[in-house]
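Here are my notes on the model you asked about. They are set out as numbered points for reading beside the sequence and the structure.

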Amino acid sequence: MKLRQEFLKWFKRKTKQQIVTSDKPVSIGRRPQKIHFQVGLDFGTSSTKIAYSQLGGRGKRVRPILFNHHLPHYPSYCLPSVGAFDDSGKLLLGAEAARYLSDKRWDEGLRRFKVVVAGKYDESFFDKVTANLYENYVKRVLRGHTECEPEHLTSAYLAFVMRQARLTIQEEFPEYEIDLAFNICVPIDHIQNNNVRNIFETILSTAEAIEAEWHDWDLDNLLKLSKERYRISKYNPHDENTRVFAVPEAVAEVASYLVSLQVRDGLHAVIDFGAGTTDFSIFNLHNARDTNSTTYWYSARNIPRGTHRIERIIADLLRPPDGVLSELQVSEALEDISQWPPTLQQEVRQELYSLWEVSHRVWGEAYGHLKKQSEWEKDKVQVFICGGGSKLPFVKEIFRKSWMEGWGPYQISTLPIPDDYESFSNKAPFERLSVAYGLTQPLPTLGKFILPADSPDHTPPRLPVREIDWWERMPRPNWLGPRRR
């Protein structure tokens, strides 16, 4: 027995060492410990944001990924949702594509392909300018030598982004084997629209498949893999091997609010001002401070009008004599509000006001679930704004108004910053990372939520009206006294 104990002690010491054979050290120790991460991938129209958290780890923190791309017109927490073909016809994605396009016309390249995909399968999401720019670029650059369908490009881009996340997290935890699950945001109306939902689910499953197969870092090969796998990919979130999931974007957005001390019951609206789209969603929160809280989403719309329309206004009004305005110049003009001429400010105000008017339909749909005016007046409704366009001038002034005259103004603010979020000294502001943050939580922990198509009618029943018989309406002589009830 003693000899056996001594042998075990010796063996444990040896498993911590390395035996050197030839020119490479080979470990005979235990396999690296596996740790699990939930990765939130906010696939935006102009840029993608990524955050991650370790599941089951102590002192859980949600960390955004900062990219060292040194692009002046993209913050470090943004990976450009951009593609391009260089002079030799080679596919470029992300920062490399944005760098190649930096001295070109501001809307050159493969841009807003998420909107192109949605519009291809549903007219309500169709944006003619965006679709034409995509199609014309492909025809002009590739000249029919190859195809670049937006579904295939989107799958390839998402696989590319997932690989970026995997490498970054592996560098952070080099001594461990990492297991990643990805939550990728999809607007609620995409989730509830069978046609568009099926396409995006196929895109997600394709991205998962080709990211696992892609080893040579050749982007052209990645696009080729995407074309091949897209035809056979099937999305199955219930398969235990699935590692990529579609999560309603609005549900992810309010994750920080649901765990904050500011949370309260009642009606809320979230407005996400993106580059290609503006997402409006309205929900009613029941039992907010209870573990059994339920979020009833009354209405949600992904409107294909975003800051790119304001960028187009800027480009048209500030176009130099040579007719070429770069993406950097448009970005700088968008940020330097104080230098805008009055005509430009008025154009931007009008565009935002027009967008607010379009949103009336969303408010009207939500009101259909709770037809009680007093629940929609002033401080009964909290409005949260987020996204890249939330800091534009006139946003708070315009979007605090009610869709019905006299019902507002509403309280309007940015989403609360959760305690477990790492902003890296505000290099990654939470109002831009709120969706990615919410996506770092496994879907079951996001709480119970009911999507608009399934949300019940919460309108209180009308007070009963007592029926009056005809004889009660007849005049009655005073000497008979009152009728008995």
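1. A residue is called buried under 20% relative accessible area, exposed over 50% and partly exposed in between, with a 1.4 Å probe and protein chains only. The model is predicted, so local features are given at pLDDT of at least 70 and side-chain atom pairs at pLDDT 80 or more, while totals for chains, interfaces and linings use all residues. Numbering runs from 1 along each chain as its sequence is written, and side-chain values use heavy atoms, without hydrogens and water.

2. Asn426 is exposed, its relative accessible area being 55%, whereas Phe394 counts as buried at 15% relative accessibility. Helices (H or I, at least four residues) and strands (E, at least two) are DSSP runs numbered from the N terminus. In these terms, Asn426 sits in the loop between β16 and α16 (430–439), and Phe394 in the loop between β15 and α15.

3. Gly408 and Pro409 are joined by a cis peptide bond, with omega about 0°. Pro409 belongs to the loop between α15 (395–399) and β16 (411–414).

4. Which strands make up the open sheet of 3 strands, and in what order? The order is β8-β7-β9, and the pairing is antiparallel; strands pair if DSSP finds at least two bridges between them. The edge strands, each pairing on one side only, are β8 (91–93) and β9 (110–111). Helix α5 (residues 150–172) packs on this sheet and touches β7, β8 and β9, a contact being heavy atoms within 4.5 Å. The direction of α5 makes about 55° with that of β8. Axes here are lines fitted to C-alpha atoms, for helices over the stretch in contact, with angles from 0 to 180 degrees between N-to-C directions. Strand β7 (residues 82–85) is joined to β9 by 2 bridges, and Val82 has Arg111 in β9 as its bridge partner.

5. A nonpolar core is a set of buried Ala, Val, Leu, Ile, Met, Phe, Trp, Tyr and Cys residues joined through side-chain atoms within 4.5 Å. The largest has 99 residues, and Leu41, Cys148 and Leu222 have the most contacts inside it. Helix α5 gives the most to this core, with 10 residues. Apart from it lies another core of 38 residues, including Ile303, Val348, Leu370 and Ile412. Leaving out residues up to four places away in sequence, the residues that Leu41 touches include Leu158, Val161, Met162, Phe182 and Leu439.

6. Rings of Phe, Tyr and Trp (its six-membered ring) pair if their centres lie within 6.5 Å; planes under 30 degrees apart are stacked, over 60 edge-to-face and the rest tilted. The count comes to 21 aromatic pairs. One of them, Trp363 with Trp376, is edge-to-face at 6.3 Å centre to centre, with 75° between the planes. Trp363 lies in helix α14 (residues 360–367) and Trp376 in the loop between α14 and β15 (381–386), so the pair ties together parts that are 13 residues apart in sequence. Both Trp363 and Trp376 are buried. Ring pairs link Trp363, Tyr367, Trp376, Trp403, Trp407 and Tyr410 into a cluster.

7. A charge sits over a ring if NZ of Lys or CZ of Arg is within 6 Å of the ring centre and within 35 degrees of the ring normal. Lys104 lies over the face of Tyr100, 4.2 Å from the ring centre, and Arg163 over that of Trp217, at 5.7 Å.
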